[in-house]
Structures are given as structure tokens and as C-alpha cells.
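Subject: Model handover

Hello,

Here is the structure I promised. Please load it first, then read my notes below.

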Amino acid sequence: MKHDIVLAGVGGQGILTIAAIIGEAALRQGLHVKQSEVHGMAQRGGAVLAHLRLNSEPIHSDLIAPGSAAIVLAVEPMEALRQAESLSPQGVILTNARPVRNVSDYPELDEVLAALRAFPRNLVIDAEQMAQDAGNARAMNMVMLGAVSPFLDFPDESLTTVIRDAFARKGPDVVAVNLKAFAAGREAALAVKR
Amino acid sequence: MAQHLLLGDEALAQGALDAGLSGCYAYPGTPSTEIMEYFQASAEAAERDIHRLWSSNEKVAMEEALGMSYAGKRAMVCMKHVGLNVAADGFVNSAITGTNGGLIVTVADDPSMHSSQNEQDSRFYAQFAMTPCLEPSSQQEAYDMAGYAFALSEELQLPVLMRLCTRLSHSRADVRTSANKAAQNELQPPDAATRRFVLLPAIAKRNYEALCAKQDALVAGSEASPFNRYEDGADKSVGVVACGIAYNYLQEAFGGKCPHPVLKLSQYPLPKKQLARLMGECRSVVVLEDGMPFVEQMLRGPLGNDRILGRLSGELPRTGELNPRLVAEAFKLELSPLPAPSPLVKIRPPRLCDGCPHINSYEALSEALKDFADAKVFGDIGCYTLGALPPYNAISSCVDMGASIAMAKGAADAGVFPAVGIIGDSTFTHSGMTGLLDAVWENSPITVIILDNSTTAMTGGQDSMGSGRMAEICAGIGVNREHIREFVPLPKNHAANVQIIREEMAYRGLSVIIARRECIQTLRRKKR
């Protein structure tokens with residue numbers, strides 16, 4: 001099994017939480033994991049990314065070579081497009097459609113979304129709305145985790161078990177909201193994944 | 001044996017802990033910060049009573065670590081690459097005194113300058129100080145090397161420089177840790193007859209000769225190192241020197257089956273034996289190294305050498321970090337073309353957080369500056385460097401820790417008026433206080449604005465030991481009390497704050513303005 005995933009977003013949106021949950025679930029299955037993260041200055045509202053590599057064989061590089069990622073998983077549409085160069089020609093691009101407009105020259109959203117939908121394999125969803133429907137807009141990253149889940153051939157429950165563990169100290173209500181958000185994202189992805 | 005998902009920084013920290021570390025000393029700096037933070041969060045480090053509090057700056061941290069080594073215990077000092085410039089005096093001379101307990105000097109370089117002002121390569125410093133350098137290629141090696149480095153340091157009685165890079169420091173991998181926990185060294189300072197720590201010229205000369213005499217042993221150590229490995233290959237048209245994490249990119253590019261002979265290099269000085277074999281058997285040699293062309297330059301020599309390929313010959317980019325694709329391109333491997341970047345993608349630089357006190361300070365400063373067409377504002381290192389970007393465009397320089405005050409003074413000496421230095425509380429106690437003392441001595445006509453947000457914010461909110469005591473420190477240094485002004489940077493105080501800045505900028509003498517309000521990030525964290 002091998003998965004090379006590029007995660008993208010804006011500092012503070014929680015891509016490292018997504019990466020940490022996938023990484024932990026992979027480790028529990030005995031997979032090798034490498035996860036390269038951005039710390040420091042860019043975390044202050046700048047563009048951030050993480051490279052997450054999972055493999056049943058030992059992994060060499062911490063970085064995914066441009067043009068070779070199987071999955072780009074983004075929580076912001078312009079950031080999804082920024083990482084398009086990472087994607088392999090057969091890869092899938094999954095993104096939240098809701099923009100973070102903290103720059104003055106943010107492009108026309110419709111054009112960004114159209115560019116994303118032009119990829120042969122894509123999923124563009126309003127993860128923030130779906131999270132809100134699940135009970136808390138801040139669970140947006142769990143919607144996106146759910147959206148990527150069908151593309152990882154993990155055993156059932158392996159991700160949800162880690163979600164339960166990760167949010168356990170915040171109480172059962174928070175766990176429930178996050179699981180609901182995860183399920184919503186997963187359902188949306190299953191609908192398009194053939 | 002247990003398995004953990006650890007950052008390179010954390011793997012090294014755990015390795016040091018398992019190898020009998022007694023104390024870690026550090027000043028925060030990306031990408032090295034997580035080493036100390038790991039000790040601070042570790043129950044095991046608490047139980048073992050490991051020293052794990054921040055230091056005022058890297059020089060102090062270096063000296064504290066050397067003091068612990070002097071006392072016979074194993075110590076580690078951690079910093080980012082530019083921090084070693086600050087600590088260089090202590091570091092270089094610790095190779096002259098030699099060490100007692102094992103001493104690891106961990107320096108995290110930042111090729112591509114993700115969060116730095118240059119991409120200097122710390123391997124040059126190890127060579128300069130004539131001391132060994134280790135460069136782990138993986139998180140597992142970072143873990144394994146800690147104990148090895150302490151033993152090497154104690155065997156050679158020299159500090160060992162541990163060079164990390166951003167992509168190792170800030171990348172997690174599964175790491176196997178040992179169940180064996182080494183005991184800490186006993187307290188054992190040198191006896192009264194030991195004079196080598198007293199660097200009077202007569203003693204220093206003897207020490208320096210001894211250091212020179214050790215160099216053959218250092219090379220022999222590199223040749224015998226378990227971390228340097230010669231891997232033979234059938235295609236000897238090209239040989240490869242792969243330093244540190246560049247080895248992984250090579251493996252990735254060739255899918256783990258590099259057909260060429262490879263010298264995997266993780267311990268310096270250069271292992272002559274293996275290098276001679278590579279140079280002897282291969283027609284040309286590609287040098288892969290993250291950072292500056294340190295090995296390549298040595299192999300090329302001052303007159304150049306067409307057999308040596310790398311960043312200087314143009315096979316690889318001269319600057320920036322490597323990745324598997326760049327390495328594959330250097331070997332002319334077949335690659336699918338990349339799509340052109342979309343014109344819809346705009347630059348998204350970092351920015352001050354909503355609710356950040358610096359926003360209010362810069363708004364007040366910008367308004368006050370309207371009255372002074374000739375004013376120059378010298379910035380410093382921290383979140384507030386973002387004041388250089390729109391909408392503030394408020395600062396003219398950002399060079400190194402503490403430079404704001406000293407550069408403002410130098411510019412004032414030349415006739416610039418008003419000259420303003422703007423600096424954070426942690427940067428001020430790191431390296432700003434000495435510059436301020438000069439300004440006191442000459443009553444320089446400068447205005448120093450200290451942004452006291454009670455933390456070292458840029459690196460994630462580490463303790464800053466002078467926070468809340470800025471006025472006392474400045475008065476103690478000798479700044480006239482009447483020209484030490486304080487305000488709280490909040491929108492409701494805007495007019496009054498502008499007035500304070502205006503008054504002090506107009507004053508033809510030294511003044512300090514302290515803008516004091518806690519960082520919004522640390523405040524939120526406390527409320528959680």
C-alpha cells in the first residue's frame with residue numbers, strides 16, 4: 001500500500017490535525033509514515049502545506065516530488081490550486097469550496113472553482129456548510145478527512161477510532177460532532193468515487 | 001523497543017534523553033524550537049530532572065551547556081542556523097578548551113529560508129572550529145546519533161555539531177526507540193591541576209596544537225562511522241556523494257535502486273578512504289547536499305574540476321532546498337512535465353493575527369510618522385517584522401536579532417532624524433539591551449519602541465524572561481525615566497498612543513516607548 005498526499009490550506013485552518021489523524025491511523029496499522037509540515041512564520045495566516053506519505057515499505061524522501069502526489073487534499077480552494085503542481089496526472093484533487101479571502105487580490109471564486117473542476121478527478125464541496133450542518137463549522141477539517149477516507153484503503157473504523165481518541169478529552173458531544181462531520185465528507189466522496 | 005511518530009527535532013531529543021542527557025539549553029528559533037519543547041512536555045525529562053528552561057540567547061545557551069559539560073555531565077544546546085552566529089564565540093572556543101561531559105551543539109539550518117533571513121550552512125562552522133559534524137539523513141538516525149554523538153564527544157573531548165535541516169526537523173516519521181535508558185554522568189568537574197579551560201595565550205596555544213593533532217583521529221572517526229556508508233553500483237560513469245537528507249531524495253529518484261556507487265555521508269570531516277575510492281572508480285561525481293555547496297566546493301577546489309557536478313556546475317539549482325524531482329533532473333531521468341502554475345493563484349503571505357497588539361502599535365506609529373518626513377524605522381526579528389508588508393509598510397530594515405536599536409543609533413550618528421528602532425520584548429533581552437546601553441552612553445537621539453507581548457510569539461509562544469519588566473530594565477541600563485513611556489496598544493487608546501510616539505520622536509535624545517499587551521495567541525491558549 002502506498003499513498004502520497006499533499007495537504008494544503010491557510011495557517012490556522014487545521015491541516016496538521018487532518019495529517020496527524022491519518023498518520024496515527026496508518027501507524028496503528030503498521031504502515032511506515034513520513035509527514036513533512038510547515039511551522040514558523042507561514043502559520044500566521046499564510047499559505048501552508050504538509051506532505052503525508054504512507055507506505056507498507058520503508059519511505060525514502062520526506063518530500064513528495066512535484067507531479068507525483070496521488071491526492072491533493074485542501075481546505076481552501078486557491079490553496080488547492082496552488083498545489084496542483086504536486087498532483088500526478090492520475091491523481092485526485094479534493095477541496096473545500098469556501099475561500100479564505102485574506103489577500104486583497106483574491107481571484108474570482110467561480111474561476112478558481114471552475115479550474116478545480118477541470119481536473120479529471122476532483123471533488124469540490126462546501127465542507128464548512130457540511131460541518132455547520134453537523135453541528136460546528138470548525139469541524140470543516142473533519143469533513144475533508146471524511147472526504148479523503150474512501151481513497152485510503154484503510155480498514156473500516158481505523159480513522160474514526162483515532163478521531164474518538166483525539167477529541168475524547170473535549171467530551172462526547174465534540175466527538176459526536178466530529179464523527180458526524182467525518183461521515184458527511186465520506187458520503188460526499190463515496191458518491192463521486194467509482 | 002517502542003515505535004513513535006516523531007519530528008526529527010523530537011527524535012533527537014528523545015535520543016539525547018535515552019543517552020543520559022542532563023541538560024538542554026536553547027533560544028527558540030525555527031526549525032529548532034521543538035527540541036526544547038519536547039523536553040518541556042516530557043514526563044520522563046521531568047522525572048529525570050533534566051534542565052529544560054529557555055535561555056536569553058544562543059550565546060548564553062552555548063556557555064551554559066559548556067558549563068554543564070565542564071562539570072562532567074552530558075549537555076545539548078539547540079539553535080537555528082543564524083543563532084550559531086550569535087553563539088559562535090563560545091562554540092569555536094569550546095573546541096579549543098575541549099569538553100568534559102559529552103556536548104552536542106544542535107543547529108537546525110533552513111535551506112529555502114522558510115522562516116529565516118539566509119540559508120547559511122552550519123557544516124562550515126564545524127569545519128572552522130575543527131570539530132566533528134553529524135548530519136542525520138532520517139528521524140531514526142537523529143535518534144540513534146544522539147548517544148553516538150555524546151560518546152564521540154567524550155572520546156575526542158570535543159563538541160559535536162549536530163546539523164539538522166528544516167525537512168528533517170519538521171517532518172515526522174516512525175522511530176524505534178530503545179528500552180535501555182543510560183544513566184546520567186556523575187558530577188565530575190576537572191581537578192584543580194586541569195588548566196585547559198583557561199584560555200590564556202600560553203594555554204590556548206597548547207590546546208590549539210592538540211586540536212590540530214586530533215584532526216587525523218577525526219577523519220579516522222568519519223571513515224569508521226556507522227553513518228557513512230559506501231554503496232557500490234555497477235554504473236561507474238557517475239558516482240554520488242549524498243549528504244544528510246539528500247540521500248533520501250537520491251533513493252526516491254531511483255526508486256531505491258540507484259545504479260551508481262554512492263557515498264552516503266552523515267559524518268564530517270570527509271572520510272578520505274571512501275571518497276578516494278569513489279573519485280578513483282567513477283568518471284564524474286555528483287554531489288547532493290541541502291544547503292550550500294560545502295562538499296562540492298572542497299572537491300572542486302579553487303580552480304574548478306569538470307568531474308565534480310552539483311550546485312556550482314549547474315546540474316542542481318545554486319540556492320534553495322533539494323527535492324526528489326530536482327535530483328532526478330540532475331541525473332536526466334525521464335519525468336512527466338509539470339502543469340504551468342495557474343494565474344489565478346496569488347501570493348498569500350503571513351500576516352499579523354486578528355486582535356494582535358502589534359496592529360494597534362503599527363497603526364499608531366504610522367500616524368505619528370506622517371509628521372516626520374525624514375524618519376527612518378529600523379525593524380527587528382519577530383512577528384512584528386510583518387510591519388514591513390502592506391498596509392503598514394512601516395519599517396525600512398530587518399537584519400538580525402537586536403539590530404533595530406544599534407542600526408537606529410548608527411543612522412542617528414550619521415545624521416538621520418528621527419531614527420526609530422522597533423523591537424519585541426524577547427528580541428530586546430536577546431540582543432537589544434547592549435545596543436541600548438551604547439545609546440544611553442551617548443544619549444543618542446533615537447526612539448526605541450519595545451513591543452512587549454509577554455512572549456516569544458513568532459516561534460509559537462515561548463517564555464520571554466524580561467516580559468513585563470521592560471521599564472525597569474531600561475531604567476537600570478540608564479535610560480532617563482522621563483523618556484520611558486508606556487502605553488497599551490488598543491484601538492481606544494489610539495489618539496493618546498500617537499501623541500506619545502510623536503512627542504518622543506520629536507525629542508532629541510534617547511527615549512524608549514513600551515507598548516504592552518499580551519500576544520493574542522498565548523492569551524487564547526491560556527483561556528482554553
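**Backbone notes, chain B**

D49(B) sits in the loop between α3 (43–47) and α4 (58–70) of chain B. Helices (H or I, at least four residues) and strands (E, at least two) are DSSP runs, numbered from the N terminus. Phi of D49(B) is near 55°, a positive value in a residue other than glycine.

The model is predicted: local features need pLDDT of at least 70, side-chain atom pairs count only at pLDDT 80 or more, and totals for chains, interfaces and linings use all residues. Residues are numbered from 1 along each chain as its sequence is written, while chains are lettered from A and ligands numbered from 1 in the order in which they are written.

Two cis peptide bonds to look at. One runs from T30(B) to P31(B), with omega near 10°. P31(B) lies in the loop between β2 (21–26) and α2 (33–41) of chain B. Another joins Y268(B) and P269(B), with omega about 5°. P269(B) is in the loop between β11 (267–268) and α12 (272–281) of chain B. For context, most residues other than glycine have a negative phi, and most peptide bonds are trans.

The contact (C-beta atoms, placed from the backbone, within 7 Å) takes 40 residues from chain A and 37 residues from chain B. On the chain A side, α1, β2 (32–36), α2 (77–82) and α3 each give two or more residues. β2(A) gives the most, with five residues.

β2(A) also pairs with strand β7 (residues 171–177) of chain B, antiparallel, over three bridges. Pairing requires that DSSP finds at least two bridges between the strands. K34(A) has A173(B) as its bridge partner in β7(B).

**A helix pair in chain B**

Helix α15 (residues 357–369) and helix α19 (residues 494–506) of chain B pack at an angle of about 55°, with axes 8 Å apart. Axes are lines fitted to C-alpha atoms, for helices over the stretch in contact, and angles run from 0 to 180 degrees between N-to-C directions. Residues meeting across this pair include N360(B) and L365(B) in α15(B), and V498(B) and I501(B) in α19(B).

Regards

Terms used:
Two residues are in contact if their C-beta atoms, placed from the backbone, lie within 7 Å.
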